[in-house]
Every structure is written in C-alpha cells, then in structure tokens.
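Visitor: I am new to this structure and would like to be walked through it. Could we look at it together?

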Amino acid sequence: MSQDTFPAVGGDTLTACLHHWASATPDAPALTFADFTADPAGRRRTLTWRQLADRVGAVAGALPVSPGDRVAVLCPQGPDYVVGFLAAITAGAIAVPLFDPGLPGHAGRLAAVLADCAPSAVVTTAAARPGVEAFAGLDVAVVAADRPEPVRTWPAPAAAPGDVAYLQYTSGSTRSPAGVVLTHANVLANVAQAVRGLGLDPAAATTVSWLPLFHDMGLVLGLLTPLAFGLRSVLMDPLAFIERPVRWLELLGDHAGSWSAAPNFAFHYCASRIREADRARLRLGRITAIVNGAEPINPDVLDRFHTAFATAGYRPEMTRPAYGLAEATVFVTTGPAAAPRVATFDRDALSTGTARPAADGVRLVACGVPAGQLVALVDPERAVVLPDGSVGEIWVHGPNVGTGYWQKPLESTETFGARLAGGLPEGPWLRTGDLGVRHDGELYIAGRIKDLIIVDGRNHYPQDVEATAASADAAIRPAASPPSPSRAPTPRPSSWSPSTAATRIWPNPPSAR
C-alpha cells in the first residue's frame, strides 16, 4: 500500500474516532469478546460501533468528573473495560488503565498507582464493585460500566488533540510506578506509525489479542488501533490464553487478515504447550502478522515456533520482531514482511561496544526500522550519535513520544528532554535506557543500561549470569526458554568511542530550515 493511499484515522482525537465510526459504519462489528469462563469454546459477545458508542456515552454521563480529573479503570478484561476506558476520555477526564484489585500479586502496584494519580472516580463492573470499594479504603465515586446511573447533563467539553488522553503506568519492577502522559495526538500518531510500519491494510484487518488492556501493547493493539481505523477487535482474557494457548491461534485463524502481538514467551509457550492434534486443526495461513515485542526476542524460540506451526500454514514472514516502550506510546521499530533477520556477533567485541559479525557468537534478532519517527544510537555521556556497528543508548524523537511522567518534573526532564550535541534535531529526545546497535540498516537490541552489574571492575548483565547458571546444569532453563539459549553480551558504555565521521540517525532527519 502506498503512502498516498494510506487510509486516514477516523478523527484527530480518540473521541472523534469513536463518533466517526459510530456514524459512518454503525452496524459494523467493533468489538468481539471470546468468553471462555463458562464455555470451553468461547462464547462470543459482539458490540457494533453504534452499540459501543451508546454504552460509552451512558457511562460517561454517569462519571462525576471535570476536565483533567483522573478516572481509574478497574474492570476485568472484556467489553466493560473498553467501555469504561473510552467513557473516561469521553467525559473529559484522563483515563488510567489499571486492573481489578482481585488480580493476584498486584495489590501493591495498584495501591501505588492510585496514590500517584489520585483519581476522582473509578469505573469497574457491578460484580467487581464490592472488591473495588473495599480496596485500601478507596474513597472516590465508583461507577459500574455495565450498570451506569446518569448523574450529569451532556455534552462534555470536546477534546483537543493536545489534551491528555490517558496515563500509561510503567511496570514499577525496579522503581515506583510512573505514569507516562499521553495525548490524543501522541496515540493517533503512534497507531498510524505502527500500521504503516507493518504494512497493514486497515480496510482488511482484524486485531486479535489476549494481552491485558492495562498493558501498553495490549491497549494499543486491542483497543486504540481498532478505534482509530474502524477495525474489528477480537479480545480474550489473558487467563484463557494461559489455560489453553491454542485458543489465541484459533481466534487468529477465524479471521482473514488477522494480526496480533505478544511477548517472546508466548511464542515459546505455544510451541511447547499446543498438542499436535490441536495444531492440525489450525488455519494460520489467514494471518497477516504477529508482532513479537515487549521483551528480548530469542531466535531459537522463533525457529521452534515456525517449525511447530508450518503445517498449519504459518510462515516465518508472518512474525514481525519489534521494539517499543510505553514512553513512546508503544511502537518504535519493526521489520519488513520477511523472515526475521538474525545476525551473529562476536561476543568479546560486542561486550566492548562493537557489533562485529562472526561465524560463531551471539545471535540477535533484528527489530527493524522506525516509521514516522527518528531513532539514534547515542553515547549518553557525550550526547553524541554513534556510527553504525557501535553499541549505544537508543534515543527516540517523534510525535508519538509522551510529554513526560505524571507529576514528576525532574524524571520527565531526564528521560524526555535529552539533547543531542550537533544532532538534527537537537531535541527533545527520549532516552530509553535500552542499548542497541544499527547493523545493515536495522536495529538490534543488546541490553539495558540499568541492568549492568560491575564486580571487580568487570561488567556483567543478568543474561550473562543466567547463561553461566544454565551452562552449569542442563536441567536449568531460565525464563522457561529452550535449552542452551543464545544470550546477549555485556556492552560497556564506558568504552564507547564515538566518531563524528559516520553518525547515524534514521530515517534521515529533515534538513535544517
């Protein structure tokens, strides 16, 4: 599809998109939820665009909020979650996608996020409402998305592209959760970048997802991209995938032109847990693409997945390795519609900051190129772009980059306000904290700066420690990955030697005016 014929999104804000599709295609299916709770086959529940807009309007009218208030979405996965999220934005508030307090093991994170964003209201379901109201003595208005009670008149103030749409909270695994501030313009720019980068045809696509809607990739794939382009979204609960991973692939095969996304572990999980008899029933030749992102991509896992499902019609070019992060909405780079590229680099050279191809060494998967944004590999100490083949911190500049962290000005400046020495543009640049290298025009991910462990002057990464442990006993399989996995080396930021003769920012930045 050429850029000239690329379909436009439905409006310049998320609310405008919802209203557009409800008017232009009112009876077309907008959302289908496959509910496996009581039905092993997955009972389908579908909302048309008109039905979705009507339900969103009813819940928005029940939210006692003012523009700029935060509304926490504490619904279980399903149509009510989609309705609650969109209702918060439609009411003029800032949505905060979270989860039901009953989700095991996440109570501490939920309490921290609620304290940080200070919501004026919460949207949940009637069944989950008692648990939500009891959680940590929450003392705010609680609205049930499936049983709203109107409290105010309409219409709410119209949203502008620069208004904040939602706060996407980071995992908080190594620090207190931080809410990335994302505007309508940020989100719509990123979904357009993702669709264009993947080469998808929105007129013939259906998204299928089991990813949690409170996760950045799950939210953009399962809700926001379909909303922007008027696509049909097919959702299922993450637990239904964990119970029987074949359900995800069955849903993908049910829809021509389907596409999805998942972390690397899901590819391994499917290849190892789906029985041969179940594989024989799959129709995977109808899939357009499955994006592999959100965690390090293991080339051995990709090989195993491709082999396991080849007889079901799955082809390697359907797998699209990608790189992204919440601070850039989600999507940054992805590869072309071709079998994933795997490069082998000399381990010792890579550990000192240089990617030197070798016959034997560390195998890394290419994560493609950016679309609609700029990416640079930078020496963070000098803020200088590095030449191709040098390991550097990944910096991003584009309309999809968030405006900062919610009420954290110092952290926002450090992460979102970086400046390049002599670069075009000078700034602001997003510092990702991730290490990468540009090789043969594509981005390869090498590690993460904050994971670096220094012992007696030597640099070590967790993956190096895991590889050492794995080599000690064949029974040790870290992260449930295949035996003897390839591990990334230890890049050394302190040994980077930037060169001004071969700096690289790609795609090429616009000329100075």
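Visitor: What share of the contacts between residues at least 6 apart in sequence join residues at least 24 apart?
Guide: In the protein chain that share is 71%, where a contact means heavy atoms within 4.5 Å. This is a predicted model, in which local features need pLDDT of at least 70 and side-chain atom pairs count only at pLDDT 80 or more, while totals for chains, interfaces and linings use all residues. Residues are numbered from 1 along each chain as its sequence is written, and side-chain values use heavy atoms, with hydrogens and water left out.

Visitor: How many helices and strands does the protein chain have?
Guide: There are 15 helices and 26 strands. Both are DSSP runs numbered from the N terminus: helices are H or I with at least four residues, and strands are E with at least two.

Visitor: And how much of the chain is buried?
Guide: Of its 513 residues, 55% are buried. Buried means under 20% relative accessible area, exposed means over 50%, and partly exposed lies in between, using a 1.4 Å probe and protein chains only.

Visitor: Let us turn to α2. Which of its residues are buried?
Guide: They are Trp-49, Leu-52, Ala-53, Val-56, Val-59 and Ala-60. These residues lie on the same side of α2, because they cover an arc of only 130 degrees around the axis, the arc being that of the directions from the helix axis to the C-beta atoms.

Visitor: What span should α2 have?
Guide: Helix α2 covers residues 49-60, and its 12 residues should span 16 Å at 1.5 Å a residue. The expected span is 1.5 Å times one less than the number of residues. The end C-alpha atoms of α2 are 16 Å apart, which agrees.

Visitor: New topic: which residues does the cis peptide bond join?
Guide: It joins Gly-427 and Pro-428, with omega about 0 degrees. Pro-428 sits in the loop between α14 (409-416) and β22 (430-439).

Visitor: What is the phi of Thr-329?
Guide: Thr-329 is not a glycine, yet its phi is positive, about 75 degrees. It belongs to the loop between β13 (319-324) and β14 (331-334).

Visitor: Is Thr-329 buried or exposed?
Guide: Thr-329 counts as buried, because its relative accessibility is 1%.

Visitor: What about Ala-118, where does it lie?
Guide: Ala-118 is in the loop between α4 (107-117) and β5 (121-124). Its phi is near 45 degrees, a positive value in a residue other than glycine. Ala-118 is partly exposed, with a relative accessible area of 41%.
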